[in-house]
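Subject: Structure handover and notes

Hello,

Here is the structure for your files. Please open it alongside this message.

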Amino acid sequence: MDKRINGAKLLKLRGDKPRSFVANDLEISESTLAMYESGHRTPRDEIKIRIANYYKTTVQELFFEDQLHV
């Protein structure tokens with residue numbers, strides 16, 4: 001099973017905000033945020049919480065909502 005995150009959600013939430021602005025607010029590098037948004041990297045749990053809080057959503061909705069429950 002592919003465990004990469006759905007970066008499309010992160011891209012949609014960021015909207016028109018510059019990646020540099022959001023990365024700075026989250027205290028991560030732009031390249032790290034780009035990897036999360038492209039689905040090539042999954043954030044550590046503490047970063048997941050920070051991102052969810054930033055976008056005023058839950059970690060569950062942001063990172064796990066699309067996963068199949070078998």
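Below are my notes, from the overall fold down to single residues.

**Ground rules**

This is a predicted model: local features need pLDDT of at least 70, side-chain atom pairs count only at pLDDT 80 or more, and totals for chains, interfaces and linings use all residues. Residues are numbered from 1 along each chain as its sequence is written, and side-chain values use heavy atoms, with hydrogens and water left out.

**Overall**

The chain has five helices and zero strands. Its pattern along the sequence is α-α-α-α-α. Helices (H or I, at least four residues) and strands (E, at least two) are DSSP runs, numbered from the N terminus.

Of the 70 residues, 31% count as buried. Buried means under 20% relative accessible area, exposed over 50%, and partly exposed in between (1.4 Å probe, protein chains only). Take the contacts between residues at least 6 apart in sequence: 50% of them join residues at least 24 apart. Contact means heavy atoms within 4.5 Å.

Confidence is given as pLDDT, the predictor's score for each residue from 0 to 100. The chain average is 88, and 84% of the residues score at least 70. Among the elements, α2 has the highest mean pLDDT (98) and α5 the lowest (88).

**Helix α1**

Helix α1 spans residues 7-14, and its buried residues are Gly7, Lys9, Leu10 and Arg14. They sit on the same side of α1, because they cover an arc of only 155° around the axis. That arc is taken over the directions from the helix axis to the C-beta atoms. Their cover includes α2 (19-26), α3 (30-38), α4 and α5 (59-64). Gly15 follows α1 and has a positive phi, near 60°.

**Helix packing**

Two pairs are worth a look. Axes here are lines fitted to C-alpha atoms, for helices over the stretch in contact, and angles run from 0 to 180 degrees between N-to-C directions. Angles under 35 degrees count as roughly parallel, over 145 as roughly antiparallel, 65 to 115 as roughly perpendicular and the rest as oblique.

Start with α1 and α3. Their axes come within 6 Å and cross at roughly 120°. The two helices are therefore oblique to each other. From α1, Gly7, Ala8, Leu10, Leu11 and Arg14 meet Leu33, Tyr36 and Glu37 of α3. By class, this contact has five nonpolar, one polar and two charged residues. For the classes, Ala, Val, Leu, Ile, Met, Phe, Trp, Tyr, Cys and Pro count as nonpolar, Asp, Glu, Lys and Arg as charged, and the others, Gly among them, as polar.

Now α2 and α3. They pack at an angle of about 105°, with their axes 9 Å apart. So they are roughly perpendicular to each other. Arg19, Ser20, Val22, Ala23 and Leu26 of α2 meet Glu30, Leu33, Ala34 and Glu37 of α3. The residues in this contact divide into five nonpolar, one polar and three charged.

**The loop between α2 and α3**

Glu27 lies in this loop. It is not a glycine, yet its phi is positive, about 60°. Glu27 counts as exposed, because its relative accessibility is 66%.

Ser29 lies in the loop between α2 and α3 as well. At 34% relative accessibility, Ser29 counts as partly exposed. Ser29 and Arg19 are 10 residues apart in sequence, and their C-alpha atoms are 9.4 Å apart.

**Around α4**

Pro43 is in the loop between α3 and α4. It counts as buried, with 4% relative accessibility. The C-alpha atoms of Pro43 and Leu33 are 9.0 Å apart, for residues 10 apart along the chain.

Lys48 is in helix α4 (residues 45-54). Is this lysine buried or exposed? Lys48 counts as buried, because its relative accessibility is 9%. Beyond its neighbours within four places in sequence, Lys48 contacts Thr42, Pro43, Val59, Phe63 and Phe64.

Lys56 is in the loop between α4 and α5. Its relative accessibility is 77%, so Lys56 counts as exposed. Its phi is positive, near 55°, and it is a residue other than glycine. Most residues other than glycine have a negative phi.

Best wishes
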